[in-house]
Amino acid sequence: MKMMSGARLPRLKLCCVPFLLLGLVLTLNASHPRDSSSVPPVGAELRLWPPSCDRPTSSDKVPYLKAYITQQSTSKAAFVVCPGGSYTKHSLPAEGFPVVKWLNSLGISVFLLLYRLPAEHGSHAPLQDGTRALELVRDNAEHWGLDPRKIGIMGFSAGGHLAGAVSLHHAHPFA
């Protein structure tokens, strides 16, 4: 399937395409020069919770965002992308990195969310992480040269479930 810019959509399940397109409502505007010193480097890991926070229960399972902020953006839009994996793993090769590459080719910045898994951290952990990720990106959007009104969340499989849950429950975060 070809997109308007000529970039090819990565191989995704066809049932995911409507959700992707639903989240991809953008209004293009002229870009403003950004201060490149304030933008995290490509692939930088941004912690969701401060080190003193008691939410992560083990140091090797700390949730974080991987930042892929494109400098060629005219829309100043970004997505938090939640890869699937049946809530047992993160399927980055299939539902993470190809989506990052595709959205970046369209000039859209991406924050890849590595959320905590429910089996190890409880059923509310992914929702807490997803909500925090969206807040973190929106709160820092202007600092990173993005428009806070153009920050969305999307996901695939379990990540799509998480993105939908965050969209519905973001005003009522779980403690």
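**Sheet and helices in a predicted model**

Five strands make up an open sheet, ordered β1-β2-β4-β3-β5, with mixed pairing. The model is predicted.

Trainee: Which are the edge strands of this sheet?
Mentor: Look for strands that pair on one side only. In the order β1-β2-β4-β3-β5, these are the edge strands β1 (44-47) and β5.

Trainee: By how many degrees are neighbouring strands turned against each other on average?
Mentor: Take the strands of this sheet neighbour by neighbour, and ignore direction. The average turn is 25 degrees.

Trainee: How many bridges join β3 to β4?
Mentor: The two strands run parallel. Phenylalanine 79 stands opposite valine 110 in β4. The bridges joining β3 to β4 number four.

Trainee: At about what angle does helix α3 run to β4?
Mentor: Helix α3 spans residues 97-105. It lies across β2 (64-68), β3, β4 and β5. Its angle to β4 is about 165 degrees.

Trainee: What angle does the direction of α6 make with that of β5?
Mentor: Helix α6 packs on the sheet and touches β3, β4 and β5. With the direction of β5, it makes about 145 degrees.

Trainee: How far does α6 reach from its first C-alpha to its last?
Mentor: The helix covers residues 158-169, twelve in number. At 1.5 Å a residue, 16 Å is expected. The model comes close to that, with a reach of 16 Å.

Trainee: Why are the buried residues of α6 on the same side?
Mentor: The buried residues are Ala158, Gly159, Leu162, Ala163, Ala165 and Val166. They sit on the same side of α6 because the arc they cover around the axis is only 165 degrees.

Trainee: Which exposed residues does the face of α6 turned away from its buried side carry?
Mentor: The buried residues of α6 pack against β3 (78-82), β4 (109-114), α5 (125-140) and β5 (151-155). Exposed means over 50% relative accessible area. On the face turned away from the buried side, the exposed residues are His161 and Leu168.

Trainee: Is leucine 48 buried or exposed?
Mentor: Leucine 48 lies in the loop between β1 and β2. It touches residues including Leu65, Leu113, Ala133 and Leu136. The cut-off for burial is under 20% relative accessible area. Leucine 48 has 1%, so it is buried.

Trainee: What distance separates the C-alpha atoms of leucine 48 and proline 63?
Mentor: Along the chain they are 15 residues apart. Pro63 is among the residues that leucine 48 touches. Their C-alpha atoms are separated by 6.1 Å.

Conventions:
Residues are numbered from 1 along each chain as its sequence is written. This is a predicted model: local features need pLDDT of at least 70, side-chain atom pairs count only at pLDDT 80 or more; totals for chains, interfaces and linings use all residues. Side-chain values use heavy atoms; hydrogens and water are left out. The expected span of a helix is 1.5 Å times one less than its number of residues. Buried means under 20% relative accessible area, exposed over 50%, partly exposed in between (1.4 Å probe, protein chains only). The arc is that of the directions from the helix axis to the C-beta atoms. Contact means heavy atoms within 4.5 Å. Two strands pair if DSSP finds at least two bridges between them. Axes are lines fitted to C-alpha atoms, for helices over the stretch in contact, and angles run from 0 to 180 degrees between N-to-C directions. Lists of a residue's contacts leave out its neighbours within four places in sequence.
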